[in-house]
Amino acid sequence: MEYSVQLTFREQWLDERLKFNDFGGKIKYLTLTDAARVWMPDLFFSNEKEGHFHNIIMPNVYIRIFPYGSVLYSIRISLTLSCPMNLKLYPLDRQVCSLRMASYGWTTNDLVFLWKDGDPVQVVKNLHLPRFTLEKFLTDYCNSKTNTGEYSCLKVDLLFKREFSYYLIQIYIPCCMLVIVSWVSFWLDQSAVPARVSLGVTTLLTMATQTSGINASLPPVSYTKAIDVWTGVCLTFVFGALLEFALVNYASRSDMHRENMKKQRAACEDHGPDPGDLMEDGNTTFPMVRQCEIHMQQSRPNCCRTWLSKFPTRSKRIDVISRITFPLVFALFNLIYWSTYLFREEAEDS
């Protein structure tokens, strides 16, 4: 919520008390280095947090007094200024940072600040910022009224656009890779418990570490940022892959239990009495007949059921369904995410 700037600050005013004879144009101007020798406006930077002058090798300041009483004051300053930011679209956002200059004690009845006509703010041509691009800047007035009167104020609004390529390489692509790596467990055998558990836990911890690292470099805000939505959904996908293995493991044990029950039932049937066996009840002999009726409901042919019937166990079916469902849902999320935030960014620009 702050930015630093190094600037050459200039202001000019007319003080008729400082008029002097230029001897027919022989004296262009007088130069002073001590600002205490002339009257100066009591200007201050209202959104300043820290600041200092430059004194190497000599103080970076000069005062020029022209024959008709005009005074030009120039000084080199480094400032750290506050910049309240709206991070809802971070890192697809644009920020407006202001530089405000106001009079501290003189009201508008005594002192009024005016921008110089024609290019009042100049920016160096080779300006380079590591994560931002300065798109444009606007000059305006910001006079303020208080109980003691109205005070003159000037401001410069700097419009910064965040460079997205850095975040694409450092955040978005690694998160996608972690999510895809978590899907590898769907292709591992369901009996490979150590491999699938270690893969799921490792990707989950890596994703959580990356999320905390991203938030550590940002100020705590009460609203949800675009990067929070991305990392939260990616973390959910990685966590879902780990839960999927828990479901597969449970289904695998159920399949083994049912298989054992079938084997026991088959063994009982093999050792039971034959249908032709005879039983005697007193003087009466009759055959014991075992009857089994199986009622099956005929289901309609379905391509999905036909395809799933190739996999005999439920645990294998869950893995196969996850191989398709997880990538499709993640692709759908990407479509919604990028279309939503990119359109919102264009709407704010317009």
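**Close-up views of a predicted model**

**View 1. Lys225 and Asp228 pair up through their side chains.** They meet in a salt bridge, with N and O 3.0 Å apart; the term stands for a side-chain nitrogen of Lys or Arg within 4 Å of a carboxyl oxygen of Asp or Glu. Lys225 counts as buried at 5% relative accessibility, where buried means under 20% relative accessible area, exposed over 50%, and partly exposed in between (1.4 Å probe, protein chains only). This is a predicted model, so local features need pLDDT of at least 70 and side-chain atom pairs count only at pLDDT 80 or more, while totals for chains, interfaces and linings use all residues. Residues are numbered from 1 along each chain as its sequence is written, and side-chain values use heavy atoms, with hydrogens and water left out.

**View 2. Arg162 and Asp93 form a salt bridge across distant parts of the chain.** The N to O distance is 2.6 Å. Arg162 sits in strand β11 (residues 153-162) and Asp93 in the loop between β6 and β7, 69 residues apart; helices (H or I, at least four residues) and strands (E, at least two) are DSSP runs, numbered from the N terminus. Both ends are buried: Arg162 has a relative accessible area of 9%, and Asp93 comes in at 3%.

**View 3. Arg37 reaches Asp34 in another salt bridge.** Here the closest N and O atoms are 3.8 Å apart. Arg37 is exposed at 65% relative accessibility, whereas Asp34 is partly exposed at 37%. Elsewhere, Arg196, Glu244 and Asp319 are linked in a salt-bridge network, and the whole structure holds nine salt bridges.

**View 4. Phe330 sits in the largest nonpolar core.** Such a core is a set of buried Ala, Val, Leu, Ile, Met, Phe, Trp, Tyr and Cys residues joined through side-chain atoms within 4.5 Å. Helix α3 (residues 226-271) gives the most to the core, with seven residues. Leaving out residues up to four places away in sequence, Phe330 touches Cys176, Val179, Trp183, Trp230, Cys234 and Phe237, contact meaning heavy atoms within 4.5 Å.

**View 5. Leu168, Ile169, Ile173 and Met177 make a nonpolar surface patch.** The patch covers about 380 Å². Patches take residues with over 30% relative accessible area and no salt bridge, joining like charges within 9 Å and nonpolar side chains (Val, Leu, Ile, Met, Phe, Trp, Tyr) within 5 Å; areas come from the Shrake-Rupley method with a 1.4 Å probe, and for residues only the protein chains shown count as cover. Ile169, in helix α1 (residues 164-182), is exposed at 56% relative accessible area.

**View 6. Two cis peptide bonds, at Ile56-Ile57 and Tyr90-Pro91.** Omega is about -5° between Ile56 and Ile57, and Ile57 is in the loop between β4 (48-53) and β5 (61-65). From Tyr90 to Pro91, omega is near 5°; Pro91 falls in the loop between β6 (70-82) and β7 (94-103).

**View 7. Phe23 has a positive phi without being a glycine.** The angle is about 55°. Phe23 lies in the loop between β1 (2-14) and β2 (30-32), and is exposed with a relative accessible area of 53%. Asp119 also has a positive phi, near 55°; this residue lies in the loop between β7 and β8 (132-141) and is partly exposed at 49%.
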